[in-house]
Structure formats: structure tokens, C-alpha cells
Amino acid sequence: MYADEICRRMVWSRGAAPTSQDDAERGSDPLTREWLVTNGLGGYASGTVSGAVTRRFHGLLISALPAPLGRTMMLSDLSTRIFTADDRVYQVGGQEPWLDDGGAQVIDLAEFRLEAGVPVWRYEGAGMAIERRLLMPHAQNTVHVTYTLVEGTGPVRIELQPWVNFRPHEGALDRPVAGPYALTVVEDRYELASPSDLPPLRLKVQGARAEFRIESARLRNVRYRIEQSRGYDAVGEFYSPGRFSLELPVSGSATLIASTEAWETLNALSTDEVERAERKRRTRLLLAAAPEVRTGPAAELVLGADQFLISPAGRVEDAARARAAGDEVRTVIAGYHWFTDWGRDTMISLEGLTLVTGRHTEAGYILRTFAHYVKDGLIPNMFPEGKNDGLYHTADATLWFFHALDRYLATTGDRETLRLILPTLIDIVEHHTRGTRFGIRADPQDGLIRQGEEGYQLTWMDAKVGDYVVTPRRGKAVEINALWYNALRLIERWARESDGDGAAKRYGAAAEQVKASFNRRFWSEKHGYLYDVIDGEQGVDDAFRPNQLLSISLPHPVLDPARWKGIVDQAKERLWTPVGLRSLAPGHPDYKPKYFGDLRARDMAYHQGTVWGWLMGPFIDAWLKVYPTDLAGARRLLEGFAPHLDEACAGSISEIFDAEPPFTPRGCVAQAWSVAEVLRAYARTAPSGG
């Protein structure tokens with residue numbers, strides 16, 4: 001069994017027109033569909049199916065470099081021209097106008113497909129067909145771009161021109177290209193360096209004899225259309241040192257390799273060896289996953305999940321500390337392209353990314369890595385790009401840590417990890433009980449967690465515009481207290497297993513107080529659902545939001561079971577969409593049907609109706625608690641995700657969607673908790689799922 005035989009997806013083909021205006025808006029154009037390849041370090045390659053560069057994050061090699069550098073754009077683009085025996089010149093692909101070579105005819109894109117997640121382009125025209133595929137060797141900041149002349153009447157000469165703009169991958173576009181770049185050539189090895197602390201970009205051609213013509217060129221006024229639509233700087237520059245020229249026979253292949261690794265690493269494997277190794281690795285990923293997710297869309301999500309699990313290349317001290325204890329450092333990239341690793345996203349994603357996929361060892365690494373970072377009873381909310389220290393402004397990530405550990409223990413039975421982390425968990429509960437940073441504290445009157453500090457957004461609804469927090473939710477938030485109750489029940493059990501009933505008694509008493517207070521204070525008899533926030537700045541917030549589902553969906557549900565069905569049925573009616581749940585029910589004065597415009601406009605809509613894919617996981621859990629025999633019905637609730645795998649980022653799931661049809665995908669094109677929770681829901685709703 002090979003991964004590409006199981007997971008071969010035709011994403012786009014010439015002549016496949018959208019069937020409706022909705023399809024067109026959702027991204028049937030190859031200019032709006034994107035692809036992503038990652039390297040297990042946080043580095044990646046990404047672009048549009050068409051070949052056009054439309055985001056600052058689009059490039060063929062974004063290396064994950066040690067702090068303080070972080071992820072860095074090293075190879076921005078590669079223009080390709082074909083010269084036939086009769087001296088005709090063709091440009092490959094529908095690239096942006098600034099890469100057009102005047103007078104060259106275009107060989108159009110005929111199809112784009114994924115083979116086990118590896119992107120393959122097929123171009124047809126002028127009596128020839130050329131395929132291009134791109135892959136990154138695992139755990140290397142290296143990319144292989146391979147061209148194959150699959151059809152034709154004779155050999156052709158192919159010319160490859162690399163374009164660069166060394167910069168942080170989030171860096172400003174409107175600064176001139178760094179320079180001067182220095183090109184060094186030794187035999188078939190080419191190094192392009194800038195006057196900075198960055199490593200050089202190393203280039204070589206494999207599979208064909210190549211000549212290089214030094215021909216410095218600059219492209220100005222490179223316009224990034226998506227950046228422009230989002231209100232960011234959108235015009236930059238590219239630089240090229242020259243062009244590679246090589247002969248390609250029919251059925252022959254040649255590869256341009258670009259890397260920031262040492263030559264010894266770059267040369268260790270041929271492109272064929274890299275391709276075979278990556279096929280085997282991806283096949284192993286599928287074989288390790290739960291049987292329920294080895295076929296169909298779920299199998300593609302198993303491979304999609306792999307993109308988010310990384311060994312953070314820049315955290316040298318972390319790696320040394322972990323290896324001294326016999327561990328490895330692992331973490332989760334929250335979303336591509338711009339997110340780093342976030343505590344909340346990691347803990348919500350852990351079950352789907354690692355346990356459903358059979359990557360139990362890595363789950364343990366992640367949990368122990370984050371346990372090391374606990375400070376004042378909190379795990380980090382996020383690690384900024386290029387930094388070793390985390391930021392801690394979160395009220396829920398630490399409580400999700402308890403849930404993630406519980407799911408890990410239920411799957412693996414790893415009591416040693418529990419023994420190691422238990423003192424930290426007890427310390428977390430103590431800090432929450434007596435009070436910790438950002439106003440996070442259990443109210444001694446009712447045992448419920450209060451949180452909030454001016455200027456901070458501490459729950460997952462964390463949009464902020466300048467100093468303005470869009471949904472501050474300061475007070476006692478419904479999902480925070482559902483998570484708090486779940487954590488208390490878990491620590492009660494773990495303390496009893498470790499030290500007996502006496503040690504567990506106080507946690508059980510605290511949990512009973514929370515449960516009684518929660519059901520008395522959050523329930524709205526008038527509305528038949530739970531308040532979103534109580535004891536807030538405006539008293540109670542009766543907005544109908546999906547947060548209340550956690551009071552049902554968690555392993556230790558805090559809500560009285562008699563109230564479950566009414567909430568779940570209302571959520572289905574008012575919040576459910578084919579690609580997730582709305583963050584606010586229609587009809588509320590703050591409801592926003594679309595997420596678009598500049599940063600302020602988008603952030604104002606981020607949690608005010610915008611659909612979130614990850615919420616499908618808690619919703620499915622809650623649904624099956626109310627309707628435990630309705631696996632088929634629960635599976636139907638997921639049907640919208642299969643066609644979405646052809647949209648936005650092929651083979652992955654977007655961060656968010658518009659709140660109204662056609663539910664246009666928005667935000668990050670590939671989001672960890674979206675993939676993780678939908679994958680977990682696929683496993684949960686399989687006929688043999690449980």
C-alpha cells in the first residue's frame with residue numbers, strides 16, 4: 001500500500017468550470033486555490049495552484065531558522081521557460097505579469113493534483129506535456145522542484161530563473177531587496193548570500209547537466225493582491241542572480257534543489273531517494289492511524305495533520321533540555337501561514353493530531369514540553385516568531401491542558417508521564433484557586449473562575465483591534481467554567497490514584513461547588529440555554545454562542561443532563577453550518593455575516609458570527625451524548641468538509657468561514673484545530689467509532 005494510491009486527489013483541471021456563483025466565490029479559480037508543503041521544522045513552501053504569488057507568505061522555500069531569525073523567505077519564485085528544437089520559446093504556467101517574458105507563448109496549466117499531499121502540476125501545449133512536482137525532505141530546510149517532460153517529440157531546453165527577497169516571512173514587502181547579494185560558484189554548487197546573519201541560499205541542479213548564466217535582474221512593483229485586499233503593504237521587489245539552463249529529454253526529469261542546509265546534508269540524498277523516503281514516511285503515517293481514518297477524506301486529513309506537528313528548529317535550549325531527559329521537543333503550528341505555536345490550539349488539537357493518528361510518542365513529547373513552561377499556574381498562550389519565551393495571556397489554554405492529558409492517558413495508559421506532571425497540575429489548581437495573573441481566580445463565594453484584565457483578551461474569542469478588545473468576556477465565561485469543572489474532576493481522580501481518598505477530597509468538594517453554582521447561575525430559564533458570561537462588566541451576556549456546548553461535550557460535563565437536548569437542538573438550528581459552527585447566532589445586533597476587509601473590519605467580525613471549523617468537534621461530542629445511536633446523522637453533519645478539501649488550501653481545512661452561504665473560507669488556509677477536530681469527528685462517527 002502506498003500513500004499516493006490511497007490519497008490521490010484531483011484538485012483542479014482545465015475546463016472544470018464552477019457550477020454556480022457560490023462555487024466561484026468559494027475558490028474554484030486556480031488563482032485563489034493554494035497548496036502547502038511543510039518540513040516538520042515549521043518551514044514550508046506554499047503558493048497558488050496557478051503559480052501566481054499573491055501573499056507575502058508565498059514562496060518555494062521558507063526556512064525555519066534558529067532564534068532570533070525564525071521563519072525566513074529564502075526562495076520566492078522560480079520562472080520557467082521552454083526552448084524547443086525549432087527555436088520557439090514558451091513560458092510555463094499562468095504566472096503574474098511581472099514574470100512574463102515578452103513574446104513567449106504560454107503553456108497552460110492542464111491539471112493540479114495531490115499525490116499523498118505532494119503537489120503535482122501538469123502543463124500542456126505546443127505538442128508537449130510537462131509535470132512539475134515539489135517536495136521537502138522531512139526535517140530539512142530544503143526544497144526539491146522536479147520537472148519531467150512526460151510527452152513530446154524530442155528533447156527541450158528548459159531555463160529556470162530563481163527569484164529571491166530574503167526577509168522574515170511576515171516581514172514588510174515595501175522595503176528594497178537586501179543587497180548586494182553575493183554569488184559564489186564552486187563546480188555545480190551555487191551559493192547566494194546577503195550581508196546579514198542569514199545563511200546562504202544553496203542551489204544546484206540534479207538529473208541533468210546545467211549551465212548557469214549570470215544575469216542580475218530586479219523586479220520592482222511586485223504586487224501581492226491578497227495582501228492588498230487585507231489592507232497590508234502589498235508591493236515589493238525580487239532579485240535574481242541569473243538563469244539555469246539544461247536539456248530535458250522525453251520522459252526525463254531534472255530537479256532544482258534549494259536549501260539553507262549544509263552541503264553535506266543537501267547532498268546526502270538524491271531526489272529519487274528523497275521521494276521514496278517521503279512516500280514511505282507518509283504511508284507509515286496512514287498505517288499508524290486509527291483504522292476509521294485510513295480511507296477517504298479522513299485519510300487526507302491524517303496527512304494534513306502531519307503539517308502541524310513540528311520539532312521547533314530554533315529552540316536549541318529546549319532541545320538540549322528535552323534530550324537530556326530522553327525526550328524530544330515537539331509542538332504544534334497553530335495555522336499556516338502566519339501562526340506560531342499556541343498553547344490553546346495545541347491542547348485542543350492534540351487528540352486529533354496525535355492520538356487519532358497513532359502518534360502517541362509525540363503527544364507525550366508535546367505535553368511534557370508544555371509542562372516545562374508552566375509559570376504562575378499557566379501554560380503559554382503563544383510563542384512569538386523567533387522567540388524562546390512564551391506569552392501567558394490566556395485563561396483557558398491551561399485548562400485545555402488537563403483535557404489533553406486526560407485524552408492522552410486514556411489512549412496510552414502512560415502513568416509515568418502523569419506521575420511527572422501531577423505536581424505541576426496540583427500547582428496549577430492552587431494558583432487558580434487563590435488567584436494568578438490577569439485576574440484569573442476562583443471566586444470563593446461560588447467556586448467559579450473569574451478572569452479578565454483591561455487590555456487583554458484571555459479566552460479563545462481573542463480578537464483585538466489596537467487597544468480595543470472586541471469580545472473581552474471579562475467575568476465568568478461559560479466554557480472557562482466548564483473546563484474548570486472538568487479539570488477539578490480529573491485532578492480529583494489523579495490525586496486519588498496517586499495519594500488516596502484524603503488527597504482527592506478537597507478537589508471533589510470544589511467540583512461539587514462549581515457544579516451547583518454553574519447550573520444555578522448560568523442557566524437562563526427564559527431562553528432555555530446558558531448565558532455566555534455572568535458577573536461581567538454589563539452583568540450577564542445572553543448572546544447565543546457555541547461556548548456553552550463544552551458544558552456538555554467534555555468527559556466530565558458540568559451541565560445537568562436534563563438541559564442538554566434543548567441546547568444541542570438550538571445549536572443545530574442556529575449555529576451549525578456544513579463547515580463548522582457560527583460563533584454568534586444570527587439576529588444578535590453584533591452579528592456579522594461576512595469576514596472581509598481590512599484588519600479592523602475582519603477582527604470586528606472574527607467572533608461575531610464567523611464560522612469556526614474546530615467547533616464541529618465539541619458539537620459532534622454533544623450531539624452524540626444527546627443522540628447516542630445516531631452515528632449516521634452525526635456523520636452527515638460533516639459532509640461539507642469533503643468538498644472543502646479542494647478549496648482554499650488543497651488537502652487541508654481553513655481556520656474560518658463566512659457565516660452565510662456560500663460559507664467562503666477565510667483566515668489561515670490550513671488550521672491545526674480545524675483539521676484535528678474534524679479528523680477526530682470522522683473517527684468518532686465511523687460505524688465502529690466510540
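Predicted model: local features only at pLDDT ≥ 70, side-chain atom pairs only at ≥ 80, totals over all residues.
Phe-438 has a positive phi of about 65° although it is not a glycine, and it is found in the loop between helix 11 (415–434) and strand 23 (441–442). Helices here are DSSP runs of H or I with at least four residues, strands are runs of E with at least two, and both are numbered from the N terminus.

Residues are numbered from 1 along each chain as its sequence is written, and side-chain values use heavy atoms, with hydrogens and water left out.

Let me stay with the backbone for a moment. Most residues other than glycine have a negative phi, and most peptide bonds are trans. Asn-221 also has a positive phi, near 60°, but this residue sits in strand 17 (residues 210–223) and is exposed, with a relative accessible area of 60%. As for peptide bonds, the one from Ala-67 to Pro-68 is cis, with omega near 10°, and Pro-68 belongs to the loop between strand 4 (59–65) and strand 5. Another cis bond joins Pro-661 and Pro-662, with omega about 10°, and Pro-662 lies in the loop between strand 35 (656–657) and strand 36 (665–666).

Strands of a sheet pair through backbone hydrogen bonds, either parallel or antiparallel. In this model an open sheet of 5 strands runs in the order 2-3-4-5-13, with antiparallel pairing, and two strands are said to pair if DSSP finds at least two bridges between them. Its edges are strand 2 (34–38) and strand 13 (167–168), each of which pairs on one side only. Strand 5 (residues 70–75) and strand 13 pair over 2 bridges in the antiparallel sense, and Met-73 has Arg-167 of strand 13 as its bridge partner.

Now to the charged side chains. Side chains of opposite charge can pair when their charged atoms come close. How many salt bridges does the rule count? The count comes to 64, a salt bridge being a side-chain nitrogen of Lys or Arg within 4 Å of a carboxyl oxygen of Asp or Glu. One of them joins Glu-278 and Arg-281, whose closest N and O atoms are 2.9 Å apart; both residues lie in helix 5 (residues 271–288), 3 residues apart, which is about one turn of the helix, and both are buried.

Arg-368 and Asp-327 also meet in a salt bridge, at 2.6 Å from N to O. Arg-368 lies in helix 9 (residues 360–372) and Asp-327 in the loop between helix 7 (316–324) and strand 21 (331–332), so the pair ties together parts that are 41 residues apart in sequence. Asp-327 counts as buried, at 15% relative accessibility.

A further salt bridge, at 2.7 Å from N to O, is formed by Arg-521 and Asp-535. Arg-521 lies in helix 13 (residues 501–521) and Asp-535 in strand 30 (residues 533–536), 14 residues apart. Arg-521 is partly exposed at 27%, and Asp-535 is partly exposed at 25%.

On a 1 Å grid over the protein atoms alone, a cavity is a set of points where a 1.4 Å probe fits but cannot get out, whereas a pocket is an open set with protein on both sides within 12 Å along at least five of seven lines, and lining residues have an atom within 4 Å of a point. The largest pocket holds about 830 Å³ of space, where a volume is the space filled by probe spheres set on the points, and grid points are joined across faces, edges and corners. Among its 34 lining residues, Trp-338, Phe-339, Trp-342, Asp-603 and Tyr-606 are the closest to the centre. Helix 8 (343–355) and helix 16 (599–605) are the elements that give two or more residues to this lining, and helix 16 gives the most, with 3 residues.

Terms used: Buried < 20%, exposed > 50% of the residue type's maximum accessible area, 1.4 Å probe, protein only.
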